[in-house]
Amino acid sequence: MARRGDRTLPEPTGEGGATVRRLHPATGGAEPAEPVEQGRLWHVVLSVAGEVTALAGLRAGLERLAHDHSFFLTARYAADHAEIRYWEQARDLHDAAAIALRLWGEHKASAKLPPWEIVGLEVVDRATYHQRVAEGFGEPTAQLGGVHPY
């Protein structure tokens, strides 16, 4: 029998009683030196604005950003402003906000986004987001997923 945490587990075996190699060998009952920290999910709304730009190019840039950013949820846009909603995984609010504040600048060149500035940022934890939606205050997106005009 192998021990993992507080539970005793049977030895893994394959067909015919052959032993299966462990992917994570037992540590001999010793706990890891530092616990692995799991990130939390944060709902981010990033608002950007600037000079009027062509809608077709803006839409294409936002679609490239959506493709590059794995937790992208939705974007709304007009000729002089846009709003991006997505989930970010981070240790705490400070980290989630820092990542969000870098998003537009870091993807500006690769996604061919306009040289707009960030004019608004909201970051809330998952529980707060779901509570807001349940109470009718959380402005759920009209069209979930994708890039859409206002």
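Which residue in E5 is the bridge partner of Ala-75? The model is a predicted one, and in it the partner of Ala-75 is Ile-84 in E5. This pair belongs to a set of six bridges that join strand E4 to strand E5, residues 81–90, with the two strands running antiparallel. E4 and E5 form a hairpin, and two residues lie between them.

Strand E4 also pairs with strand E7, residues 146–149, but here the sense is parallel and the pairing extends over four bridges; within it, Tyr-77 has Pro-149 of E7 as its bridge partner. E4 itself, which spans residues 72–78, is mostly covered, since six of its seven residues are buried.

His-107 counts as buried because its relative accessibility is 16%, and buried means under 20%. Once its neighbours within four places in sequence are left aside, His-107 is in contact with Leu-65 and Asp-68, and also with Lys-112 and Leu-113.

The protein has an average pLDDT of 79, and 69% of the residues score at least 70. Confidence is highest in strand E6, residues 117–125, at a mean of 97, and lowest in strand E2, residues 7–9, where the mean is 41. Over residues 1–36 the pLDDT is below 50, although this stretch has 21 contacts in the model beyond near neighbours in sequence.

Note on methods
Residues are numbered from 1 along each chain as its sequence is written. This is a predicted model: local features need pLDDT of at least 70, side-chain atom pairs count only at pLDDT 80 or more; totals for chains, interfaces and linings use all residues. Side-chain values use heavy atoms; hydrogens and water are left out. Buried means under 20% relative accessible area, exposed over 50%, partly exposed in between (1.4 Å probe, protein chains only). Two strands pair if DSSP finds at least two bridges between them. pLDDT is the predictor's confidence in each residue, from 0 to 100. Contact means heavy atoms within 4.5 Å.
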